[in-house]
Amino acid sequence: MRFPVIVRGFARFAVLMVAVSIVTFWLVSSSPIDPVQANVGQAAYAGMSAAKRAQLEAFWGSDLSFWERCLGWASLAVTGDLGTSLRFNAPVTEVIASRATGSLALMACAWVLAGVLGCVLGIVAGACSGRMPDRVIRGCAYVLSATPTFWLGLVALMVFSVFLGWFPAGFSVPIGMSASDVTLVDRAYHLVLPALVLSVTGVANIALHTREKTIDVLASDYARFARARGERTAGIVLHHGLRNLMLPALTLQCASISEIFGGSVLVEQVFSYPGLGQAAVTAGLGGDAPLLVGIALASAALVFAGNLLANVLYGVVDPRMKGATAHVA
Amino acid sequence: MKERANRETDRENRETAAGEARIECATHAAGVSHHASEKHHHHTHATGSHHPGGHHLLTVEHLGVSFTMYDPAAPFFSGKRMVSRAIRDLSISVHVGEVLAVVGASGSGKTLLADAILGLSEPNARVTGSIWFDGVPQDAASLARLRGNGIALVPQSVSHLDPLMRVGDQIVGFKARSRAEKHARRARMRGLMEAYGLDRSVERLYPHELSGGMARRVLLLSALIDDPRLIMADEPTPGLDLDLAVQALGDLRSFANRGGGVLLITHDLELALRIADRVAVFRDGTVVEETAVENFARPELLEHPFSRALWHAMPEHGFDVPAKSAEQLAETVGSML
């Protein structure tokens with residue numbers, strides 16, 4: 001018997017959440033970092049009595065077994081309480097919420113930019129396949145996709161922030177300004193450089209894929225027939241190319257959410273941008289299990305939402321999917 | 001495409017030399033004419049072949065299509081550049097009001113002929129020879145202008161329709177420069193759909209929702225909407241049952257009867273004989289004989305041994321394949337029937 005789509009989707013989501021939290025818990029517990037040592041500080045830990053250490057361990061629960069901790073967290077998590085972050089000394093949900101706004105703005109900008117730029121460049125390269133514009137775009141794409149994001153971030157900071165002084169050298173708001181004085185323009189201004197750097201890796205990937213698909217479309221029977229009816233390459237790309245490129249582009253674009261999220265960890269670190277990525281690094285280095293699990297769950301949910309979106313849009317865009325359900329997630 | 005310098009004088013001459021029984025032919029040297037049944041331009045006429053204006057609707061002479069490629073038989077890296085000749089010295093003519101069937105085995109390069117006439121050959125192809133359309137010599141650029149504007153293609157299968165676009169929008173096409181023009185084309189399409197028995201709802205369907213017979217008519221209508229003078233139909237029958245195939249060919253026949261020309265490219269000699277006026281027998285990249293359909297009544301009327309072998313191999317003539325004389329010949333014939 002088959003359950004309705006919504007039920008199946010929800011079941012899949014629940015399994016994903018359980019799996020992600022178990023794996024993250026296991027990774028944190030097998031990490032060599034001692035949360036007590038990491039959180040009280042090197043000097044304080046050295047001068048601390050054994051009784052005090054044991055008291056702290058008992059307070060944070062790091063003396064409990066893996067499954068005890070895991071189940072203890074889970075019994076609260078189902079009620080919506082994801083625990084308290086050791087490093088930020090605040091409920092995990094609050095930390096994630098405050099960090100997510102900056103991160104999501106950054107990722108959304110980079111995501112849209114990568115998608116639009118990648119598609120345009122890919123279509124131009126595909127339509128001019130083998131000629132000069134194609135060779136230039138392809139060359140750039142290969143170089144960019146081989147460039148590590150953090151290195152590119154450092155170079156961008158050096159060139160545009162330090163030498164040229166066009167953009168601030170980090171953070172999401174001006175240094176020394178009180179939070180109430182920060183305007184949206186200030187935030188956007190601080191967003192530009194990290195968003196550009198973050199989008200670059202995605203652009204290369206999407207451009208190369210779109211180029212291949214464009215070449216396929218232009219070599220198809222329907223493109224040949226359109227040509228036989230007097231249409232030129234530009235017309236064929238416009239009338240038949242775009243709609244046929246849309247489906248693979250959607251898949252790519254939704255799948256690239258995970259890549260963008262991964263890249264944001266590095267980019268936020270380089271640009272000292274206070275977002276989820278940076279919080280994840282802090283949580284990992286501080287043995288902050290609740291925050292790390294919380295962030296892992298949030299990112300998994302985001303990627304799941306991306307794939308779900310692709311599924312839903314497939315049904316809308318592709319007339320051949322009428323009555324059928326996609327299996328992308 | 002080489003051009004003929006004496007084209008203009010030819011055209012003037014045909015005005016003066018047009019007689020009753022003799023047919024003046026513009027593509028000949030000045031002053032040459034021929035009887036209706038006489039062989040000229042490598043072909044003989046059918047009863048319905050006309051020469052209005054003294055020239056053919058389409059003339060292809062000494063067409064050659066060759067490809068530059070690396071020797072596929074040689075081992076990797078040591079393959080030398082070679083020229084593969086797909087079509088050589090091919091000549092055909094289509095008259096106004098007639099269906100000329102180019103009949104040859106599947107995969108023998110017949111589609112390359114259509115590509116050459118449409119000026120759509122691959123970049124590594126070298127095309128030589130002369131093509132006249134309506135008495136005017138053509139080059140690559142002018143052939144490109146004729147696409148959808150005098151010459152129309154009716155392609156093989158539904159895969160030639162954009163899978164994500166509604167059929168109606170595809171028939172209308174993207175030639176209209178203004179809203180009014182687009183409207184006019186849509187109205188014209190509705191008229192054609194009615195004339196060809198397609199329901200109004202077909203307009204809203206996507207290609208994957210079409211039946212085989214509907215798809216054929218949609219493809220035909222995509223050609224007819226541009227009001228062409230010549231239709232090239234590339235294998236319009238595979239995948240159709242006999243009734244639908246006959247119906248599809250009947251549509252082409254009636255287009256010719258209304259004064260158009262049809263170049264039917266097919267592997268199916270039997271079906272071609274049913275509706276064509278003349279048959280061009282295609283073999284090994286060239287046309288070995290271009291003759292009236294009536295000549296297929298008796299083998300003596302056929303000139304080329306391959307045409308006669310084809311005749312003998314037809315089911316109603318006993319599947320007689322001359323195995324001992326030329327095995328390869330038999331193989332080719334066998335694949336065509």
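Chain A of this predicted model is built from 13 helices and zero strands, where helices (H or I, at least four residues) and strands (E, at least two) are DSSP runs, numbered from the N terminus. Read from the N terminus on, the elements of chain A therefore run α-α-α-α-α-α-α-α-α-α-α-α-α. Residues are numbered from 1 along each chain as its sequence is written, and chains are lettered from A and ligands numbered from 1 in the order in which they are written. Because the model is predicted, local features need pLDDT of at least 70 and side-chain atom pairs count only at pLDDT 80 or more, while totals for chains, interfaces and linings use all residues; side-chain values use heavy atoms, with hydrogens and water left out.

Of the 329 residues in chain A, 41% are buried; here buried means under 20% relative accessible area, exposed means over 50%, and partly exposed lies in between (1.4 Å probe, protein chains only). Contact means heavy atoms within 4.5 Å, and among the contacts in chain A with a separation of 6 or more, 70% come from residues 24 or more positions apart. The accessible surface of chain A comes to about 17100 Å², with 70% of it belonging to carbon and sulfur atoms; accessible areas come from the Shrake-Rupley method with a 1.4 Å probe, and for residues only the protein chains shown count as cover.

One residue gives a view of the inside of chain A. A:Thr214 is found in helix α9 (residues 184-218) of chain A and counts as buried, at 3% relative accessibility. Leaving aside residues up to four places away in sequence, A:Thr214 touches A:Gly122, A:Ile123, A:Gly126, A:Ala127 and A:Leu245.

Chain B brings in both kinds of element, with ten helices and twelve strands. Of its 337 residues, 52% are buried. Among contacts in chain B between residues at least 6 apart in sequence, 64% join residues at least 24 apart. Chain B exposes about 15300 Å², and carbon and sulfur atoms supply 52% of this area.

The next topic is the meeting of the two chains. At the interface, 29 residues of chain B are in contact with 18 residues of chain A. Together the chains bury about 2100 Å², 59% of it on carbon and sulfur atoms; buried area is the accessible area (1.4 Å probe) that two parts lose on being put together, summed over both. B:His160, B:Leu164 and B:Phe174 supply 31% of the area that chain B buries against chain A, more than any other three residues.

Ten residue pairs are in polar contact across the interface of chain B and chain A (both at pLDDT 80 or more). A polar contact is a pair of N or O atoms within 3.5 Å; within protein, one must be able to donate a hydrogen and the other to accept it, and residues adjacent in sequence count only if both atoms are side-chain atoms. The elements that give two or more residues to the side of chain B that touches chain A are α2 (110-118), α4 (167-172) and α6 (212-224) of chain B. The residues of this side divide into 14 nonpolar, eight polar and seven charged, where Ala, Val, Leu, Ile, Met, Phe, Trp, Tyr, Cys and Pro count as nonpolar, Asp, Glu, Lys and Arg as charged, and the others, Gly among them, as polar.

A salt bridge is a side-chain nitrogen of Lys or Arg within 4 Å of a carboxyl oxygen of Asp or Glu. The count between chain B and chain A is one salt bridge: B:Asp115 pairs with A:Arg224, the closest N and O atoms being 2.3 Å apart.

Over all chains, the whole structure holds 17 salt bridges. In one of them, B:Lys175 pairs with B:Asp226, with the closest N and O atoms 3.7 Å apart. This pair links distant parts of the chain, 51 residues apart: B:Lys175 lies in the loop between α4 and α5 (179-195) of chain B, and B:Asp226 in the loop between α6 and β9 (230-234) of chain B. B:Lys175 is partly exposed, with a relative accessible area of 30%, whereas B:Asp226 is buried, at 11%. The side chains of B:Arg185 and B:Asp226 also meet in a salt bridge (2.9 Å, N to O).
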